[in-house]
Amino acid sequence: MTNKARVAALALGLVMVASLAQAADMETSGKLLLTGGVTNVEGAGGGGLATWATITGYETVDEWGANAHATLVQLPDYQFRAGGVSVGFYDRVEVSYTRQSFDTGDTGAKLGLGQGLTFNQDIVGAKVRVLGDAVYAQDSWVPQVAVGVQWKKNDKDAIIKAIGGKDDSGVDYYVAATKVLLNQSLVLSGALRATKANQTGLLGFGGAKNDDYKVQFEGSAGYLVSKRLLIGAEYRTKPDNLAGLKEDDWVDLFAAYAFNKNLSVTAAYADLGTIATFKDQRGLYLSIQAGF
């Protein structure tokens, strides 16, 4: 399937979801603005780089919601793109699909991989809220807690083996805790992820330095400047499994703006460190999300 076909399929899927909601006369969009988070690089509800415990969409416990997203990260030597859809059911269960593309451009030739080589990865995820309510339990310090799983499949098995990766597919498991403090206008979130993924799986799973699951941390802190604007920072640790291809932790400074409950945009300055021997991969992160 071509990229244009995938985009068309995603758009068609969202239209179908909206049509089904209307047909079934289901309630939607009961949450407060921005409290559902945005969509992260792997398609789960959360920040840009980190995963939150919130369920995607603006649904409450009697409703459902859905989002489609398109993300671009422009780095000095690479370009990262992602697009996908996610659906939240009754503020309890989230399912998601995302297609990631990591375009090596001119850098591919310098690495001996070929001009414009692009690694693609499909990610199917599921998340379940198991405890608390991040927004409406303001009389409690207990955060909302969710557990999740993501199955990832890369399309460059031969190259992944050549650079030292053990597998072209893998499964991540995570637990996330998120709290929105409305009186302080703060959003705080942390997640622990058990993973073997190299660069979230774009460079495969496992390697000569390590082929076992490692637990990594994802943290977010945001300040609600207004009901439409959230600014903050994120930090995400990485496993560094491949010999000779150092992998650094990720960090970003972000601003998310919601035009309304159907459209939001997130912009960030992201520092992804060293990727495949090329240092200082810092650049603009831009993501647009549409849904209900």
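These legends describe close-up views of a predicted model.

View 1. The chain holds three helices and 14 strands. It has 292 residues, and 53% of them count as buried. Take contacts between residues at least 6 apart in sequence: 60% of these join residues at least 24 apart.

View 2. Glutamate 94 sits in strand β5, which runs over residues 93-103. Is glutamate 94 buried or exposed? Its relative accessible area is 1%, so glutamate 94 counts as buried. A polar atom of its side chain lies 2.9 Å from the backbone nitrogen of threonine 56. Glutamate 94 also touches residues elsewhere in the sequence, including Gly43, Ala44, Gly45, Val87, Gly88, Gly125, Ala126 and Lys127. Thr54 and Ile55 are among its contacts too.

View 3. The patch covers about 860 Å². Its members include Val128, Val130, Leu131, Phe217, Tyr235 and Val251. Two elements give two or more residues to the patch: β6 (118-131) and β10 (214-224). The largest share, three residues, comes from β6. Leucine 131 lies in strand β6. At 44% relative accessibility, leucine 131 is partly exposed.

**View 4. Arginine 81 paired with aspartate 103.** Side chains of opposite charge can pair when their charged atoms come close. Arginine 81 and aspartate 103 form a salt bridge, with their closest N and O atoms 3.5 Å apart. Arginine 81 belongs to strand β4 (residues 79-89) and aspartate 103 to strand β5, and the two are 22 residues apart. Arginine 81 is partly exposed, at 26% relative accessibility. The structure holds 18 salt bridges.

**View 5. Arginine 193 paired with aspartate 172.** This salt bridge spans 3.0 Å from N to O. Arginine 193 lies in strand β9 (residues 186-195), while aspartate 172 lies in strand β8 (residues 169-181). The partners are 21 residues apart. Both arginine 193 and aspartate 172 are buried.

View 6. The side chains of aspartate 271 and arginine 282 meet in a salt bridge of 3.1 Å, N to O. Aspartate 271 is in strand β13 (residues 263-271) and arginine 282 in strand β14 (residues 282-291), so their pairing ties together parts eleven residues apart in sequence. Arginine 282 has a relative accessible area of 36% and is partly exposed. Elsewhere, salt bridges with shared partners join Glu42, Lys152, Asp172, Arg193, Glu218 and Arg236 into one network.

Note on methods
Residues are numbered from 1 along each chain as its sequence is written. This is a predicted model: local features need pLDDT of at least 70, side-chain atom pairs count only at pLDDT 80 or more; totals for chains, interfaces and linings use all residues. Side-chain values use heavy atoms; hydrogens and water are left out. Helices (H or I, at least four residues) and strands (E, at least two) are DSSP runs, numbered from the N terminus. Buried means under 20% relative accessible area, exposed over 50%, partly exposed in between (1.4 Å probe, protein chains only). Contact means heavy atoms within 4.5 Å. A polar contact is a pair of N or O atoms within 3.5 Å; within protein, one must be able to donate a hydrogen and the other to accept it, and residues adjacent in sequence count only if both atoms are side-chain atoms. Patches are made of residues with over 30% relative accessible area and no salt bridge: like charges are joined within 9 Å, nonpolar side chains (Val, Leu, Ile, Met, Phe, Trp, Tyr) within 5 Å. Accessible areas come from the Shrake-Rupley method with a 1.4 Å probe; for residues, only the protein chains shown count as cover. A salt bridge is a side-chain nitrogen of Lys or Arg within 4 Å of a carboxyl oxygen of Asp or Glu. Lists of a residue's contacts leave out its neighbours within four places in sequence.
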